Amino acid sequence: MEKFIIKGGRRLTGEVEISGAKNAAVAIIPAVILSDEPCILENVPKISDVDVAFKILAELGASIEYLENSTVRIDATNLISTVVPYDLAKLMRASYYFLGSLFGKYRTARVSMPGGCYLGDRPIDQHLKAFVSIGAVTALDHGMIDITADEIKGAPIFFDLVTVGATINTMLAAVKGNGLTVIENAAKEPQIVDVANFLNSMGADIMGAGTDVIKIRGVKYLRGSTYSIIPDQIEAGTYMVAAAATGGNVLIKNVIPKHLETITNRLEKIGVNIESFDDSIRVTTDGPFIKTNIRTAPHPGFPTDMQPLIATLLCLAEGTSIITEDIFDDRFRYVDELRRMGAEISVDGKVAVIDGVGKLMGAPVNAPDLRAGAALIVAGLAASGVTEIDSISHIERGYQNIIEKLHRLGADIEKITETAAPEQTVAKAG
Ligand code: EPZ
């Protein structure tokens, strides 16, 4: 069993470099399937979700060559299969992007229902609705999703709710179809724009990404491209909160400040000082944290992935803060863990009420999912005493070199591997 051990109470100071965005990379890697030539991706984050995406690509017959640093050359022009098996698909939610890209290229795909973080019910009905709108016949066959079409024909699509995954999957499915597909009520997250920019760099014809109406005019051929993935705004937000929670002074480099505007705005309301430069931001604090109410929303609203992180910071604020989680219906499973560290939080459905406490105490805790795990790291860094975090594989899905990056900022954190305790022999009752 691997664990993180954190000795809290140390201010984070120095500089940290943000890696490529997980939620862009896990979409752009499957999107390479659509290309008719090899591609080169730069700024690819070294995280386990990306490892899984490359494993799936290799399983389908692609060749993957790691060049220097975080650059990868991918040739997916001679795939031998359009089936993504359960044992790989279950490892990450983003495996559903192989549905869109395989279908978009070959008009057929068979992918297991996705896995990933448990955040409540996470259907993919909007993905399937979009595929059907452009000509697909879909079927669920023993946990596998089958989609096929004689022809992919552009069509208007209106999403019943804003969905990042379905917006991206529709672009992947329609980019080589016949005619015009118009997505209305599209998601506007930075990774939506990044995927559209990648496809357009190969010769696609996608307009409007980043707005709520995206127009995709199908093209026949997509040439190879060398493309650099955007920096991870949630990783950046995580280090912003960690710097604030420890009363530190940190320069966060390789960011796009525009992608961080809402996070910056809310942290400033809480009393954190933020100085923005061209591709970096400095985070300092010089006073108490102020109670603040937060409601998550699709971009450009406050990102749901930052919700566990900001909740942790608000545990240290003076007064009562209210967090409303409007995207997922079960994203407060970390609250019990924070309570073990002395936090005073009550949860009722989508609302968490946080009564600030002066200090958190270190404790053994469990990471229920990726961003909750990151929040527990922040809590441990700010707490007095020792925090042990288990189930850290969740965290390593989305944060490249998190131990090394925190070490360089002065954190006392290490990863240990605990062997299972020898079987306790229990004296049998006489
Ligand atoms: C993506 O998940 C991200 N994951 C999530 O990040 C992120 O929290 C989420 O977008 C919102 O920003 C990846 O990009 C791999 P949605 P996704 O489709 O695509 C409902 C992280 O920590 N919905 O925007 O699954 C859904 O249940 C992860 O990096 C339907 O009802 O999110 C949710 O309530 C966690 N039907 C809401 O919409 C559908 O067909 C938003 O989901 C699709 C979604």
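How far from an oxygen atom of the ligand is an N or O atom in the side chain of D305? In this predicted model, the distance between an N or O atom of the D305 side chain and a ligand oxygen atom is 2.5 Å, which falls under the definition of a polar contact, namely a pair of N or O atoms within 3.5 Å, where within protein one atom must be able to donate a hydrogen and the other to accept it, and residues adjacent in sequence count only if both atoms are side-chain atoms. The model is a prediction in which local features need pLDDT of at least 70 and side-chain atom pairs count only at pLDDT 80 or more, while totals for chains, interfaces and linings use all residues. Residues are numbered from 1 along each chain as its sequence is written, and side-chain values use heavy atoms, with hydrogens and water left out.

The shell around the ligand holds 24 residues, of which Y96, D125, T163, D305 and I327 come nearest, a residue being near if one of its heavy atoms lies within 4 Å of the molecule or strand. Two or more shell residues come from each of α1 (22-31), α5 (125-133), α6 (164-174) and α12 (370-382), and α5 gives the most, with three residues; helices (H or I, at least four residues) and strands (E, at least two) are DSSP runs numbered from the N terminus.

The protein is divided into domain 1 (2-19 + 231-427) and domain 2 (22-228), with bounds from an automatic or database domain assignment, and the shell around the ligand draws at least three residues from each of these domains. The centres of the two domains, taken over C-alpha atoms, are 30 Å apart, and their contact (heavy atoms within 4.5 Å) takes 23 residues from domain 1 and 22 residues from domain 2. The buried area, defined as the accessible area (1.4 Å probe) that two parts lose on being put together, summed over both, is about 1900 Å² for this pair, 51% of it on carbon and sulfur atoms. On the side of domain 1, H299, R397 and Q400 lose the most area to domain 2, together 35% of what that side buries.

The peptide bond from H299 to P300 is cis, with omega near 10°.
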